Amino acid sequence: MMKLRHLDKISDLESNKSSYENSIQTYKESLRFSNEEEFYERYKEFSEQKENRLHQIKLTPFF
């Protein structure tokens with residue numbers, strides 16, 4: 001009985017892992033990265049773009 005519960009739990013965890021991997025793959029494709037290093041490079045680029053845009057907004061007069 002206990003063995004069956006553990007086997008079911010393992011099966012559920014494997015299914016969740018597969019689902020998360022598929023989800024990550026979608027983001028990899030849309031954000032154009034394929035590994036952790038590229039992810040952090042893209043993250044840095046987006047962060048810099050965001051900061052630059054915020055800076056531009058602050059310098060733009062409102063009249």
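Figure 1. The structure shown is a predicted model. On the basis of accessible area, the protein exposes about 6400 Å², and 56% of this area is supplied by carbon and sulfur atoms. Two helices and zero strands are present in the protein. The radius of gyration is 21 Å, well over the 11 Å given by the globule rule for 63 residues, so the protein is more spread out than a compact globule. Taken along the principal axes, the box filled by the C-alpha atoms is roughly 75 × 25 × 15 Å. Buried residues account for 3% of the 63 residues.

Figure 2. Side chains of opposite charge can pair when their charged atoms come close. The structure holds two salt bridges, one of which joins Lys 17 to Glu 21. The closest N and O atoms of Lys 17 and Glu 21 are 3.9 Å apart; this pair therefore falls within the 4 Å cut-off for a salt bridge. Both residues belong to helix H1, which covers residues 2–31. Lys 17 and Glu 21 are four residues apart, or about one turn of the helix. With a relative accessible area of 51%, Lys 17 is exposed, because the limit for that class is over 50%. Glu 21, at 45%, is partly exposed.

**Figure 3. Close-up of the salt bridge between Glu 45 and Arg 42 in helix H2.** The side chains of Glu 45 and Arg 42 form a salt bridge with an N to O distance of 2.7 Å. Helix H2 comprises residues 36–59, and within this helix the two partners are three residues apart, a separation of about one helical turn. Arg 42 has a relative accessibility of 14% and counts as buried, because this value is under 20%. Glu 45 is partly exposed, with a relative accessible area of 35%.

**Figure 4. Close-up of the nonpolar surface patch made by Leu 4, Leu 7 and Ile 10.** Leu 4, Leu 7 and Ile 10 together make a nonpolar surface patch of about 280 Å². Leu 4 is located in helix H1. The relative accessible area of Leu 4 is 53%, and this residue is exposed.

Figure 5. Gln 25 has its place in helix H1. The relative accessibility of Gln 25 is 37%, and the residue counts as partly exposed. Along the chain, Gln 25 and Met 1 are 24 residues apart.

Figure 6. Ser 15 lies in helix H1 and is partly exposed, with a relative accessible area of 46%. Ser 15 and Ser 47 are 32 residues apart along the chain, and a distance of 33 Å separates their C-alpha atoms.

Figure 7. Gln 56 is found in helix H2. At a relative accessibility of 44%, Gln 56 counts as partly exposed. The chain separation between Gln 56 and Asp 12 is 44 residues, and the C-alpha atoms of these two residues are 49 Å apart.

Methods. Residues numbered from 1 in each chain as written. Predicted model: local features only at pLDDT ≥ 70, side-chain atom pairs only at ≥ 80, totals over all residues. Heavy atoms only, no water. Rg over C-alpha atoms; globule rule 2.2 N^0.38 Å. Buried < 20%, exposed > 50% of the residue type's maximum accessible area, 1.4 Å probe, protein only. Areas by Shrake-Rupley, 256 points an atom, 1.4 Å probe, with all protein chains shown as cover. Patch = residues over 30% accessible without salt bridge, like charges linked within 9 Å, V, L, I, M, F, W, Y side chains within 5 Å.
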